[in-house]
Amino acid sequence: MIVARLHPDVPVDERSRLTSAWLRRGQRSFQCRAGRHTLVTFPDLAAGSPSGQEFVAQLRATATVDTVVDSAAAPPLGSLAATGEPSAVRVSDRWTVGGGRFTWIAGPCAVESEAQLMSVARDVRDGGAHLLRGGAFKPRTSPYAFQGIGKDGLDLLRDASAATGLGVVTEVVDAAHVEAVAEVAHVLQIGARNAQNFPLLHEVALTGRPVLLKRGFGCTVPEWLHSAEYLLAAGNGDVLLCERGVRTLGNSTRFTLDISAVPLVKGLSHLPVSVAPSHACGRRDLVAPRAAAAAAAGADGVMVDVDQEGHVALCDGEQAITPAEFGVLARRTNRMLQSLGPVESATAAAMAGH
């Protein structure tokens, strides 16, 4: 598909005028702001067709268009070819995911009480976390399992964020909750079960908040990237990808963490990629080595479950590490990343081939 990268200073009214002009020519277009770039894709045109070649020539002659590329390896707005560089997503006044920074997202799987959340939030902040995770709404396999405390949990997350300065990452499970979650969360999470819930993706995108999109446990990499494209095509370029394991034949761990997906996706897409080792393995003793492996593979961050020592969690407690263990993990992994030094990434290798 054809992707046009506009000059960075094109005003909104001019972009609207261009969209109307292209539509009068019979060309649908979708645009989003991704990092420092404004991207426009034309899904109905193949760059190699006669009509596509003619339209590409018209685009290149348009003063507001910087570059025109043919995105063949990945969905267009999320493709690395579209931006020519990895994107960084600003998630709060204090933090940006990507751009060479490694991000730690930590907190309890589910918010249960003020005492539990506030204690963990302070501990993970002191241990090196940049963002606080915690589920107010929990989609569970069994209808009888703990489903979260809902909007009361959102209130507690707001208070914990104010007390610690950490941005909040929390999941949206229903379109009816989108507005309430967006009032509290700095990053709206789409969980694995909803990775292909396209109406929900559209509603979440319209909030304008950054979105963390987990890979569905039955999704291929192309399907995962196409889910991200739904968010981008709705105009939200602040998308974070999160690998959290896929279902395979083995049952020694809950899921199989696809570490190879990290460099693979970073060679296809400009979007930041994080990894969630806790939910992938379902065992606290495997969290640290998987987090280290994710960092070494080039992930932009890791999201881990952390809960109080001795606390019997109502949701996935068997995979939660303690605050002390989190601090050790963050320090060791950060030292490892410093020792690795700058290396040619899959992103750089991919762009060298363009």
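Predicted model: local features only at pLDDT ≥ 70, side-chain atom pairs only at ≥ 80, totals over all residues.
Local features were taken at pLDDT of at least 70 and side-chain atom pairs only at pLDDT 80 or more, while totals for chains, interfaces and linings use all residues. Residues are numbered from 1 along each chain as its sequence is written, and side-chain values use heavy atoms, without hydrogens and water. Helices (H or I, at least four residues) and strands (E, at least two) are DSSP runs, numbered from the N terminus.

Strand S3 spans residues 37-42. It is largely enclosed by the rest of the structure, because 6 of its 6 residues are buried (under 20% relative accessible area; exposed is over 50%, partly exposed in between; 1.4 Å probe, protein chains only). In a regular strand, side chains alternate between the two faces of the sheet. His37, Leu39 and Thr41 point one way from S3, and Thr38, Val40 and Phe42 point the other way. S3 pairs with S2 (residues 30-34) in the antiparallel sense over 5 bridges; pairing requires at least two DSSP bridges between two strands. Glutamine 31 faces valine 40 across this pair. S2 and S3 form a hairpin with 2 residues between them. Glycine 35, in the turn, has a positive phi of about 65 degrees. Strand S1 (residues 2-6) also runs antiparallel to S3, joined by 5 bridges. Here leucine 6 stands opposite threonine 38.

Strand S14 (residues 301-305) is likewise largely enclosed, since 5 of its 5 residues are buried. Gly301, Met303 and Asp305 point one way, Val302 and Val304 the other. Its pairings are parallel: 5 bridges join S7 (residues 103-107) to S14, and 2 bridges join S13 (residues 273-275) to S14. Glycine 107 stands opposite aspartate 305. Valine 275 stands opposite valine 302.

The axes of helices H11 (residues 287-296) and H12 (residues 323-340) come within 10 Å and cross at roughly 25 degrees. Axes are lines fitted to C-alpha atoms, for helices over the stretch in contact, with angles from 0 to 180 degrees between N-to-C directions. H11 and H12 are therefore roughly parallel (under 35 degrees). The contact (heavy atoms within 4.5 Å) includes Ala291 and Ala295 of H11 and Leu329 and Met336 of H12. By class, it has 10 nonpolar, 1 polar and no charged residues.

Valine 178 lies in helix H6 (residues 178-184). Beyond neighbours within four places in sequence, its contacts are Val172, Leu188, Leu200, Glu203, Val204 and Thr207.

Notes
Parallel < 35°, antiparallel > 145°, perpendicular 65-115°, else oblique. Nonpolar A, V, L, I, M, F, W, Y, C, P; charged D, E, K, R; others polar.
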